[in-house]
Amino acid sequence: MNIIFQLGAAIAVFAPSYSAEWDYKSSGPYTWGADYPKCTGQSQSPINIGTQEAEHDKDLPIINRRIFDSPPTKMKIQNNGHSLVVAIEEGAYSINDATLLPFEAEIAQFHFHWARNYQSGGSEHTIDGKRYFGELHAVHYNTKYGDVATAVDKSDGLAVFGWFIDVDYPQDNQDYELLFQLVKGGVTKKGDVSQINATFSLETLLPADLTRYYRYQGSLTTPGCYESVVWTVFEEPIRISESQASFLSGAIMDSASMPIQDNFRPVQALNGRKVTKALGPYSGGRSTASSVFLLVAMTFLSSFCQK
Ligand SMILES: [Zn+2]
């Protein structure tokens, strides 16, 4: 009972127990609005990110990857029939940086979306129309609400960080081997749960460059589609091998014992929402350097002309 309650709280975002069945097939995204009216809202996710249309926000900070670097003391992996979810049970990290997020946020879980095979696209967000193989979502909740289940439908409830997953690695990405071995060991069927003794930090799963990212206000990408999420989507993708992608596409089963595939929602209309971007130190540095150069050149020229 206790375990069921805890799990329910951790994954309420994705599988509310009180509500209608949904999936990515016959009860797919185009039908969700019938049972979950919020799914027809005006600030839905995911979206296509237009890199040129996004407005540069100089106030967005350079993200220190050490934020993600503390391994939980207790975590578990679960197949909820829609995704592969790693729930953080104890020792969660929190983010308390007013320049990065408008509220203090604590990690609740992370999970994945992926395609039907390694050559297809299965990310939720797209970037200039490009759909990557998959996407990793790290779900944080506003600590003032106490837990993710309470925060999930509040307008300032959640902060989700998303990373694209690209199939672009000649060998297996070793950072993912522990997780995938644990999944092979017993999280392939719907409802399977595996307590993890050897915990690892989210940081180990992330790409090297976290400096360039996009920010907008949106929703959960699964029912009930609450418009409660401040989204941060990173430009640099995670890279895995073809065989690792094939594992995700083939080994994790849904309620009908078929592999979970294409578990992504189509992109939603922006409806006038603004997307902002952080460009990292190099772009900012370059433009500053060229301004300094111009200033020096103009000073030199003007002093020359006055003679
Ligand atoms: Zn997700």
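Student: Which residues of H4 are buried?

Tutor: In this helix, Glu177, Leu179, Phe180 and Val183 are buried, meaning under 20% relative accessible area with a 1.4 Å probe and protein chains only. Helices (H or I, at least four residues) and strands (E, at least two) are DSSP runs, numbered from the N terminus.

Student: Where do they lie around the axis?

Tutor: They are on the same side of H4, because they cover an arc of only 160° around the axis. The arc is that of the directions from the helix axis to the C-beta atoms.

Student: What do they pack against?

Tutor: The buried residues of H4 pack against E3, E4, E6 and H5. Contact here means heavy atoms within 4.5 Å.

Student: What kind of model is this?

Tutor: The model is predicted: local features need pLDDT of at least 70, side-chain atom pairs count only at pLDDT 80 or more, and totals for chains, interfaces and linings use all residues. Residues are numbered from 1 along each chain as its sequence is written, and side-chain values use heavy atoms, with hydrogens and water left out.

Student: On to the metal. Which residues are the protein donors of the zinc ion?

Tutor: His111 (NE2), His113 (NE2) and His137 (ND1) lie 2.0 to 2.1 Å from the zinc ion. Donors are N, O and S atoms within 2.8 Å of the metal (3.2 Å for Na, K and Ca); water is not among the atoms, so sites may look incomplete.

Student: How are the donor residues spaced in sequence?

Tutor: The spacing is H-x1-H-x23-H.

Student: Is histidine 111 buried or exposed?

Tutor: Histidine 111 is buried, as is histidine 113.

Key:
Buried means under 20% relative accessible area, exposed over 50%, partly exposed in between (1.4 Å probe, protein chains only).
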